[in-house]
Amino acid sequence: MDPIGPAEPTASAGPAQPRLNRRRLLKGAALAVVPYALLPDARAGAQTGSVDYPPAEWRPANAANYTASDRPGSYTVDRVIIHVTQETYSDTLAIFGNPQKKVSAHYLVRSADGHVAQCVHETDIAWHAGNWDYNTRSIGIEHEGWVDQPAYFTNALYEQSARLTAAICDLYGIPKDREHIIGHYQVPGTDHTDPGPEWDWVRYLRLVNFA
């Protein structure tokens, strides 16, 4: 996780504005054939508990911790950024819900069972990378655990996260490779090391490509 930082714009603390759903954003595009993009409207707004990725649970971040937008209309989405929380699952949700923290991610994956929570809609800009340009162009996925405790990187966490990343890549036409699925440590200007040396990139990319 990484706070927004002084160089990035602040967001209104009020409720998020209604956003276009995936089908409207991508109508007429070749990517509209992706199965979960063709599901019935799931974007009626934060108050409905709507999600972009059907297996996810809606656990919204505070509106002060992200920037409302209409991606990919406002910004091209061409990266997935992999994070490790350095917190428990429940504590991470509490941090995202605290308007003083100025940090969020689109998704959070639980260690024990791979359960996925969506905290920010993909149309909006989560504050996860500590770099405004990378925030605008990416989907951020947090994973419960610590970089030096590989036991948190369970089979379920890898498998469910890979399915999520594959679905995101399919929707936005993002290549499923290490140039486009990156670690937080690869973001320019960051001092973070996650997901750390214990994260198995070879296994993860294989799971993404076979999801």
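Helices (H or I, at least four residues) and strands (E, at least two) are DSSP runs, numbered from the N terminus. The model is a predicted one, in which local features need pLDDT of at least 70 and side-chain atom pairs count only at pLDDT 80 or more, while totals for chains, interfaces and linings use all residues. Residues are numbered from 1 along each chain as its sequence is written, and side-chain values use heavy atoms, with hydrogens and water left out.

**The whole chain**

Begin by selecting the chain and colouring it by secondary structure. It comprises 5 helices and 8 strands. Followed from the N terminus, the elements run α-β-β-β-α-β-β-β-α-β-α-β-α. Of its 211 residues, 50% count as buried; buried means under 20% relative accessible area, exposed over 50%, and partly exposed in between (1.4 Å probe, protein chains only). Contact means heavy atoms within 4.5 Å. Among the contacts in the chain with a separation of 6 or more, 74% are between residues 24 or more positions apart.

**The largest core**

Next, select Ile82, Tyr107, Ile141, Ile168, Ile181, Trp199 and Tyr204. These are the residues with the most contacts inside the largest nonpolar core, which has 32 residues. A nonpolar core is a set of buried Ala, Val, Leu, Ile, Met, Phe, Trp, Tyr and Cys residues joined through side-chain atoms within 4.5 Å. At least two residues of this core come from each of strand E3 (79–84), strand E4 (107–109), strand E7 (138–143), helix H4 (155–172) and helix H5 (201–210). Which element gives the most to this core? The answer is H4, with 10 residues. In soluble globular proteins, nonpolar side chains tend to be buried together.

Now centre the view on isoleucine 181. Leaving aside neighbours within four places in sequence, isoleucine 181 is in contact with Val80, Ile82, Thr165, Cys169, Pro175, Lys176, Trp201, Tyr204, Leu205 and Val208.

**Where two helices meet**

Select H4 and H5 together. They pack at an angle of about 50°, with their axes 8 Å apart. Axes are lines fitted to C-alpha atoms, for helices over the stretch in contact, and angles run from 0 to 180 degrees between N-to-C directions. H4 is therefore oblique to H5, since angles under 35 degrees count as roughly parallel, over 145 as roughly antiparallel, 65 to 115 as roughly perpendicular and the rest as oblique.

To see the contact itself, display Asn155, Tyr158, Glu159, Ser161, Ala162, Thr165 and Ala166 of H4 with Arg203, Tyr204, Leu207 and Val208 of H5. The residues of this contact divide into 6 nonpolar, 3 polar and 2 charged. In this count Ala, Val, Leu, Ile, Met, Phe, Trp, Tyr, Cys and Pro are nonpolar, Asp, Glu, Lys and Arg are charged, and the others, Gly among them, are polar.

Remain on H4 and pick serine 161, which lies in this helix. Is serine 161 buried or exposed? It is buried, with a relative accessible area of 0%. Beyond its neighbours within four places in sequence, serine 161 is in contact with Val109, Ile141, His143 and Tyr204.

**Two loop residues**

Move to glutamine 186, in the loop between strand E8 (181–183) and H5. Glutamine 186 is partly exposed, at 31% relative accessible area.

Then select histidine 115, found in the loop between E4 and strand E5 (116–118). Histidine 115 is partly exposed, with a relative accessible area of 22%. Leaving aside neighbours within four places in sequence, histidine 115 is in contact with Glu57, Tyr89, Leu108, Val109 and Arg110.

**Backbone details**

Most residues other than glycine have a negative phi, and most peptide bonds are trans. Select arginine 71 and proline 72: the peptide bond from one to the other is cis, with omega near 0°. Proline 72 is in the loop between strand E2 (66–67) and E3. Another cis peptide bond joins aspartate 194 and proline 195, with omega about 10°; proline 195 is found in the loop between E8 and H5.

Finally, select glutamine 86, in the loop between E3 and helix H2 (89–96). Phi of glutamine 86 is near 60°, a positive value in a residue other than glycine.
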